[in-house]
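Biologist: Please show me the model, and then let us go through some of its local features.

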Amino acid sequence: MSVTGFESLRALIVEDNAHMRSLLRALLNSAGVKEISEAGHGGTALQAMRERKADLVLCDLAMKPMDGLEFTRQVRNSDTSPNPFVPIIMITGHTEKHRVEAARDAGVTEILAKPITATHLFARIAEIVERPRAFVRSDNYFGPDRRRHVDENYAGPWRRQDDTDDTEVREVR
Amino acid sequence: MTASRPTKKAQLIAPDAYPQMMSRADGARALLSLRSDKTLARAQGAMEAAAAPMKLAILGYVADMEANCQDMDLVFDHVHEIRGFAETAGMASTGHIAEILCRYMEDMRRIAKPLDAHIVALHVAAIARAARAEDGDAAMGEVVAAELGALVARRLLEAQKG
């Protein structure tokens, strides 16, 4: 019987710095996650995901040769992606608006700013468990719904400014 | 389940229509675990255990930067790492100065202006001093960080105007 709920969860840490990988592994361990694999950049992470299913990905943004943004795009959009819906928590020291928007538009699920703390990491994981996001597929985006809050009383046009004119929503259940 | 193919009509795929990270039952247990004092205490212990090796790593980056201060790619890579985990290593002032240098280097690249080697060297020296300082010198590190921040802001403004 599961005690922490994390016994069967398979996590993947994608981070080029060994110290950060080690810290993230220790934090996940402390929450009860036992099955953890690691990759040093986006390219090896994709390979790792093909060899071993991942239920949760913690991913650094700045890595070489494949950074976290390209990795996320590949996971979300590649025909060979093992799991386009996998939750991706992007960990970054770059918290400028344009960076956050780029991560969001690549399809990340949550963003965790460095320096990381256990409380913040656990809060992001709890958010994924407690409030799983709908996914959106349009001509120019596939990933978690970028609208965090849906205003039930919103009466204006629903489309994002950069959506194409012929975009309509249909819900899939 | 596989994601459906691109279409002109945007699809909103509800959470119960795609595989979730864990079952609802495991999710309920996971939330309790994530929010328990016991888990947080274990995690705090992990953070504290990570501090010493991280501090050693930062001192290694510092020595490397001092020896190769003209190598801007190396300095950028190292200072980025220092910014990422200096605070976790208990070296907040070092992290703040690294943050200022990171932003300077990123912003100058973004506006396609050459880096001022003296500005970079000044930051590297300040990072080195803060990293090697005892805890009692943290306040001085913050003063240096504030002054360097002001200097960089001025230089960036000049570079943008020029």
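Biologist: In which loop is Ala112(B) found?
Modeller: The model is predicted. Phi of Ala112(B) is near 55 degrees, a positive value in a residue other than glycine. The residue lies in the loop between helix 4 (92-110) and helix 5 (117-132) of chain B.

Biologist: Is Ala112(B) buried or exposed?
Modeller: Around Ala112(B) there are 7 other C-beta atoms within 10 Å. A residue counts as exposed with 12 or fewer. Therefore Ala112(B) is exposed.

Biologist: Which strands of chain A stand at the edges of the open sheet?
Modeller: The sheet has 5 strands in the order 2-1-3-4-5, with parallel pairing. Each edge strand has a single partner strand, so one side of each is left without a neighbour in the sheet. The edge strands are strand 2 (35-39) and strand 5 (110-113) of chain A.

Biologist: Which residue in strand 5 of chain A stands opposite Met90(A)?
Modeller: Strand 4 (residues 88-92) and strand 5 of chain A pair in the parallel sense over 4 bridges. Opposite Met90(A), strand 5 of chain A has Ile111(A).

Biologist: What angle does the direction of helix 3 of chain A make with that of strand 3 of chain A?
Modeller: Helix 3 (residues 68-77) of chain A packs on the sheet, where it touches strand 1 (10-14), strand 3 (56-60) and strand 4 of chain A. The angle between the directions of helix 3 and strand 3 of chain A is about 150 degrees.

Biologist: Where is Pro115(A) found?
Modeller: The peptide bond from Lys114(A) to Pro115(A) is cis, with omega near 0 degrees. A cis peptide bond also joins Lys64(A) and Pro65(A), and Pro65(A) is in the loop between strand 3 and helix 3 of chain A. Pro115(A) is in the loop between strand 5 and helix 5 of chain A.

Biologist: Is helix 5 of chain A roughly parallel or roughly antiparallel to helix 1 of chain B?
Modeller: Helix 5 (residues 118-130) of chain A and helix 1 (residues 24-34) of chain B pack with their axes 10 Å apart, at an angle of about 160 degrees. Angles over 145 degrees count as roughly antiparallel. Helix 5 of chain A is therefore, relative to helix 1 of chain B, roughly antiparallel.

Biologist: How do the residues of the contact of helix 5 of chain A with helix 1 of chain B divide into nonpolar, polar and charged?
Modeller: Helix 5 of chain A brings Phe122(A), Ile125(A), Ala126(A), Val129(A) and Glu130(A) to the contact, and helix 1 of chain B brings Gly27(B), Ala30(B), Leu31(B) and Leu34(B). The division is 7 nonpolar, 1 polar and 1 charged.

Terms used. Residues are numbered from 1 along each chain as its sequence is written. Chains are lettered from A and ligands numbered from 1 in the order in which they are written. This is a predicted model: local features need pLDDT of at least 70, side-chain atom pairs count only at pLDDT 80 or more; totals for chains, interfaces and linings use all residues. Axes are lines fitted to C-alpha atoms, for helices over the stretch in contact, and angles run from 0 to 180 degrees between N-to-C directions. Helices (H or I, at least four residues) and strands (E, at least two) are DSSP runs, numbered from the N terminus. Angles under 35 degrees count as roughly parallel, over 145 as roughly antiparallel, 65 to 115 as roughly perpendicular and the rest as oblique. Two residues are in contact if their C-beta atoms, placed from the backbone, lie within 7 Å. Ala, Val, Leu, Ile, Met, Phe, Trp, Tyr, Cys and Pro count as nonpolar, Asp, Glu, Lys and Arg as charged, and the others, Gly among them, as polar. Two strands pair if DSSP finds at least two bridges between them. A residue is buried if 20 or more other C-beta atoms lie within 10 Å of its own, exposed if 12 or fewer, and partly exposed in between; C-beta atoms are placed from the backbone.
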